Amino acid sequence: MELIQKAPAKINLSLDALFQHRDGAHEWEMVMTSVDLADYVRIKPSRTITVATDSGFLPEDPRNLAYQAAYELQQAAGVTQGATIHLEKHIPVAAGLGGGSSDAAAVLRGLNELWGLNWPLERLAKVGLAVDSDVPYCVYSQTALVQGRGEIVTPLRRRPDCWVVLAKPSISVSTSSILRAIDYHQDMPRPDTAKVVQGIKAGDFDLMAAGMANSLESVTAARHPEILALQQRFVRYGAAVAQMSGSGPTVFGLCRKRSRAHRIYNSMKGFCREVYLVRPLQ
């Protein structure tokens with residue numbers, strides 16, 4: 001028996017880093033949505049947990065988030081079975097698109113079926129928090145307000161229809177290094193998350209776009225100014241709004257119409273090797 005789980009990339013329509021807890025964890029308020037750029041996770045029953053990937057950039061040992069997800073669920077459920085996990089990668093690595101977290105979430109969903117646990121998504125999301133703060137959202141992989149340390153996931157209605165162009169510059173960003181560099185005493189970009197949520201609920205694209213921002217953008221862009229250059233190009237080429245996803249370095253632009261998104265996609269390909277034209281899932 002082999003199960004195949006789709007693991008979609010995510011983007012942050014808003015990302016607000018509120019403060020840091022004493023244990024080092026960060027308090028978040030974010031609106032996230034998933035797009036149709038995805039990895040595929042193949043899972044087979046086995047006596048032990050093993051992970052393999054077609055990417056040369058990822059570890060195939062307990063450092064891999066997919067392995068950690070399998071281990072955490074194994075421990076939480078008290079099962080003795082293992083699994084052979086293969087990751088077919090399409091989402092760029094270390095890009096701010098949540099590829100590792102989405103792979104981990106796909107493992108949780110797949111093993112939930114393979115091991116016959118029948119746990120609800122809410123319970124799987126709680127297990128996922130032990131792996132990474134983005135995993136609880138990725139368990140659901142639908143537009144949602146995400147709060148706390150990542151464990152409070154409130155699904156929202158499908159956001160206003162739009163197209164997304166993703167552009168990843170030829171750099172990789174360590175999320176942990178960006179989080180260590182946050183200075184909560186300095187001014188950071190602040191989204192109006194309530195406005196983003198209101199726009200989504202009302203189906204109002206302009207209202208949603210007006211509230212968007214990413215608090216980590218200034219931290220990452222200080223190290224990698226090409227991020228701001230990409231943003232400026234997106235806007236110059238006609239994107240309604242452009243911002244960094246997650247801790248970067250991927251920048252995305254939103255467009256109402258496919259025709260404009262396609263023109264932007266073609267224009268961005270002249271300046272960035274990894275460019276994708278995608279749609280949000282729901």
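Q: In which sense do S7 and strand S11 (residues 274-278) pair, and over how many bridges?
A: In this predicted model, S7 and S11 pair in the antiparallel sense over 5 bridges.

Q: What makes S9 and S11 edge strands?
A: The open sheet is formed by 4 strands in the order S9-S10-S7-S11, with antiparallel pairing. Strand S9 (241-244) and S11 are called its edge strands because each pairs on one side only.

Q: Why is strand S7 (residues 163-168) described as largely enclosed by the rest of the structure?
A: Buried means under 20% relative accessible area, and 6 of the 6 residues of S7 are buried, so the strand is largely enclosed. Both faces are covered, with Trp163, Val165 and Ala167 buried on one side and Val164, Leu166 and Lys168 buried on the other. In a regular strand the side chains alternate between the two faces of the sheet.

Q: How do you know that the buried residues of helix H3 (residues 121-128) lie on the same side?
A: The buried residues of H3 are Leu124, Ala125, Val127 and Gly128. They cover an arc of only 160 degrees around the axis, which puts them on the same side of H3. The face turned away from this buried side carries Glu122 and Lys126, which are exposed, a label that requires over 50% relative accessible area. The buried residues themselves pack against helix H1 (65-77), helix H2 (99-114) and helix H4 (135-140).

Q: What is the handedness of the crossing of H1 and H2, and at what angle do they pack?
A: H1 and H2 pack at an angle of about 35 degrees with their axes 8 Å apart, and their crossing is right-handed. The contact includes Leu65, Ala69 and Leu73 of H1 and Ala104, Val107 and Leu111 of H2.

Q: How many nonpolar, polar and charged residues does the contact of H1 with H2 have?
A: By class, this contact has 9 nonpolar, 3 polar and no charged residues.

Notes
Residues are numbered from 1 along each chain as its sequence is written. This is a predicted model: local features need pLDDT of at least 70, side-chain atom pairs count only at pLDDT 80 or more; totals for chains, interfaces and linings use all residues. Side-chain values use heavy atoms; hydrogens and water are left out. Buried means under 20% relative accessible area, exposed over 50%, partly exposed in between (1.4 Å probe, protein chains only). Helices (H or I, at least four residues) and strands (E, at least two) are DSSP runs, numbered from the N terminus. The arc is that of the directions from the helix axis to the C-beta atoms. Contact means heavy atoms within 4.5 Å. Two strands pair if DSSP finds at least two bridges between them. Axes are lines fitted to C-alpha atoms, for helices over the stretch in contact, and angles run from 0 to 180 degrees between N-to-C directions. A crossing is left-handed if the near helix is turned anticlockwise from the far one by less than a right angle, and right-handed if clockwise. Ala, Val, Leu, Ile, Met, Phe, Trp, Tyr, Cys and Pro count as nonpolar, Asp, Glu, Lys and Arg as charged, and the others, Gly among them, as polar.
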